[in-house]
Amino acid sequence: MEPADKSDISSYWADHCLNSFTTEQLKQYQIISTVLSFNGHIVKASPIPANIGSLCDIEVSDGKTVKAEIVAIGQDQIEILPYDTNTNIRVGNEIRLIEDGREVYVGEMLLGRVIDGLGHPLDELGEINLKEKMALNGVPINPFERQPISEILDVGIRNINALLSLGRGQRVGIVAGSGVGKSVLLSMITKSTDADVVVVSLIGERGRELASFSKQVLSSHSRNKVVVVAVPADRSPLLRIHGAKRATTIAEFFRDQGKDVLLITDSLTRVAHAQRELGLALGEQPTSRGYPPSVISLIPNLIERTGTSTKNSGSITAIYTILADGDDTSSDPVVDSARAILDGHIVLSRELAQQGVYPAIDINQSVSRVMSDVVEDDHLLQAIEFRKYLSKYNENKDLILMGGYMQGQDLDLDKAVALWPEILNFLKQGEGEVCDYASSRASLQKLTGI
């Protein structure tokens, strides 16, 4: 049924559910609101029947339109956040509802492409014609229906394959300060992994780094199985949040086709910062280190969408980089919250990076919680033995360098000192070098002699 008089739309929409209308109908029966105030961040406008997350066009004074999103609904007014913060919005500007915003387009044509937080192509390769839609915020899976993690995911990195083995469907964090090689490590994993599809979301990073990373990955042999969602640091906080959610939705699409997906998010901290900006702008009270409660709820909501799925679906192995401000890997609230819900964490060491050891993985500070479930017993024993020698040497390094250690006092330390050159070579891996799981395990077995 349609309204008899299209000039009187408000009463018609008040009696009908917004979800039952298509985007084309929204454009045909224009729902118009008016700007009441604008404080530079939040637009307050006259109320219209719409959902939180609905997309709008604000007609600004110079004849252009600005994309925006409804973020709060009240009885007398709604609050809207523009995607472009540098806008000339004035009281009285018209706001038109254009889309529900709770579903996004997905499809096979995304492979090999770079898109932004709204799904628009950034790679200048033309439009992407997608037909299928999925929920932006995902559909919860009953945890009892999820399959156990039982298969190894080969990421092409010797350290990780041998000492921090990952399973298909595992969620792991890469925790590090700035400038210790996170992006290079992610690039190596993206190009070397044996996952069927790799979805990379680059959130809140430098524009130069986004372009460089995307070109490097898409110029490799793995181009046809990679999707990149890129939202640089100068974009709206809503777009940064949408970028992470859209990438997760794309991963869910390929997972539902029975494929093993690797989802890489760089970085989860920038997503948390975006939610902090949004929450504080909406009047939330800051708690730990200025983060409002919505940040702490966003992190598990995003992470729990990944992992293994039901019998008829594939899996999403998720790797999240977590920026430790000031190299604080223990008390930062984002690090602490993410580490509590993830299935393991990989800590990058600035000390190793300064010594030229890349990837700069601090093995003794890192852990894979599912490694014991996916590797054989002898592999697990070899990894424990390697950790023992590495820990022994690091604990006594100063004493050894000063010449205060006498050989024969500790047999384990003697062996650690003898093996140290081999251990260093094992820890190092060139950016273009690929070490599959079999060769990584063989190198570990040769080094430990077990």
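This is a predicted model: local features need pLDDT of at least 70, side-chain atom pairs count only at pLDDT 80 or more; totals for chains, interfaces and linings use all residues.
The protein contains 15 helices and 19 strands. Its radius of gyration is 25 Å, close to the 22 Å that the globule rule gives for 450 residues, so the protein is as compact as a globular protein of that length. Along the principal axes, the C-alpha trace spans about 95 × 45 × 40 Å. Buried residues make up 54% of the 450.

Six strands close into a barrel. Their order is β1-β2-β5-β4-β3-β6, and the pairing is antiparallel. From one strand to the next, the twist averages 45 degrees. Strand β1 covers residues 32-38 and strand β6 covers residues 94-99. Three bridges join these two antiparallel strands. In one of them, S33 has I95 of β6 as its bridge partner.

The salt bridges number 22. One of them links the side chains of D57 and K67, with an N to O distance of 3.1 Å. D57 lies in strand β3 (residues 55-59) and K67 in strand β4 (residues 65-73), so the pair ties together parts that are 10 residues apart in sequence. Both strands belong to the barrel. D57 counts as buried, because its relative accessibility of 14% is under the 20% cut-off. K67 is partly exposed, at 34%.

A salt bridge also forms between R102 and D100. Their closest N and O atoms are 3.5 Å apart. Here the acidic residue, D100, is buried, with a relative accessible area of 18%. R102 counts as partly exposed at 33%.

R168 pairs with E151, the closest N and O atoms being 3.6 Å apart. R168 sits in the loop between β11 (166-167) and β12 (171-176), and E151 in the loop between β9 (132-135) and β10 (152-153); the pair therefore ties together parts that are 17 residues apart in sequence. In this pair the arginine, R168, is buried, at 14% relative accessibility. E151 is partly exposed, with a relative accessible area of 46%. The contact is part of a network: salt bridges with shared partners join E151, R168, D194 and D260.

The surface also carries a nonpolar patch, formed by L381, I384 and I450. Together these residues have about 280 Å² of accessible area. I450 is found in the segment after α15 (437-448). At 40% relative accessibility, I450 counts as partly exposed.

Conventions: Residues are numbered from 1 along each chain as its sequence is written. Side-chain values use heavy atoms; hydrogens and water are left out. Patches are made of residues with over 30% relative accessible area and no salt bridge: like charges are joined within 9 Å, nonpolar side chains (Val, Leu, Ile, Met, Phe, Trp, Tyr) within 5 Å. Accessible areas come from the Shrake-Rupley method with a 1.4 Å probe; for residues, only the protein chains shown count as cover. A salt bridge is a side-chain nitrogen of Lys or Arg within 4 Å of a carboxyl oxygen of Asp or Glu. Helices (H or I, at least four residues) and strands (E, at least two) are DSSP runs, numbered from the N terminus. Buried means under 20% relative accessible area, exposed over 50%, partly exposed in between (1.4 Å probe, protein chains only). Two strands pair if DSSP finds at least two bridges between them. Axes are lines fitted to C-alpha atoms, for helices over the stretch in contact, and angles run from 0 to 180 degrees between N-to-C directions. The radius of gyration is taken over C-alpha atoms; the globule rule is 2.2 Å times the number of residues to the power 0.38.
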